[in-house]
Amino acid sequence: MSPPDDSACTSTLVDSEPLRSPSGANSGIGRLELYYNSSTGNNCAMVVHTGASYGVAAETYVSIVRCAETVWDGECNEASGFDSDYGNFSYYAGGVRVSAPNNCISTAGSIKWNGVYHTATIGGHC
């Protein structure tokens, strides 16, 4: 894939989390981004390579789930909505999309860098 552009997730950025190493430290190699379109109820997520991983092919994963919950309680039970993207990407994975106008969503992403998975999750957007 080419560098990120406005076509991957065409809505409003509502949350962003840095990918973290297993120790919990911000690894600086990527971030998980969540977008929302209030007029359609569509959510979109992507993992963007940053820092040393930018432009370097690496195992990259992103997923988004429509939860059964309508109020966030820290758990997400899937409610007939899931999308994911996985591959050796140099710039980003995604955008993956679910429609969840009245439900919570949860999203996760990772980049495998130097043999280690650097991960992030975002949940609680309802």
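Predicted model: local features only at pLDDT ≥ 70, side-chain atom pairs only at ≥ 80, totals over all residues.

Visitor: With which residue does Cys76 form a disulfide?

Guide: A disulfide is a covalent bond between the sulfur atoms of two cysteines. Here the partner of Cys76 is Cys67, with the sulfur atoms 2.0 Å apart. Cys67 is buried, at 0% relative accessibility. The torsion about the S-S bond is -105 degrees, and the link of Cys67 and Cys76 is left-handed.

Visitor: How many disulfides does a search of the whole structure find, and what pattern do they follow?

Guide: The search finds three. Counting bonded cysteines along the chain, the pattern is 1-2, 3-4, 5-6.

Visitor: Which parts does the disulfide of Cys9 and Cys44 tie together?

Guide: The sulfur atoms of Cys9 and Cys44 lie 2.0 Å apart. Cys9 is in the segment before strand S1 and Cys44 is in strand S3, so the bond joins parts 35 residues apart in sequence. Both cysteines are buried, Cys9 at 6% relative accessibility and Cys44 at 3%.

Visitor: Is the disulfide of Cys104 and Cys126 left-handed or right-handed?

Guide: The torsion about its S-S bond is about 95 degrees, so this disulfide is right-handed. The pair links distant parts of the chain, 22 residues apart: Cys104 sits in the loop between strands S6 and S7, and Cys126 in the segment after strand S8. The sulfur atoms of Cys104 and Cys126 are 1.9 Å apart, and Cys104 is buried, with a relative accessible area of 0%.

Conventions: Residues numbered from 1 in each chain as written. Heavy atoms only, no water. Disulfide = S-S within 2.5 Å. Helix = DSSP H or I, 4+ residues; strand = E, 2+ residues; numbered from the N terminus. Buried < 20%, exposed > 50% of the residue type's maximum accessible area, 1.4 Å probe, protein only.
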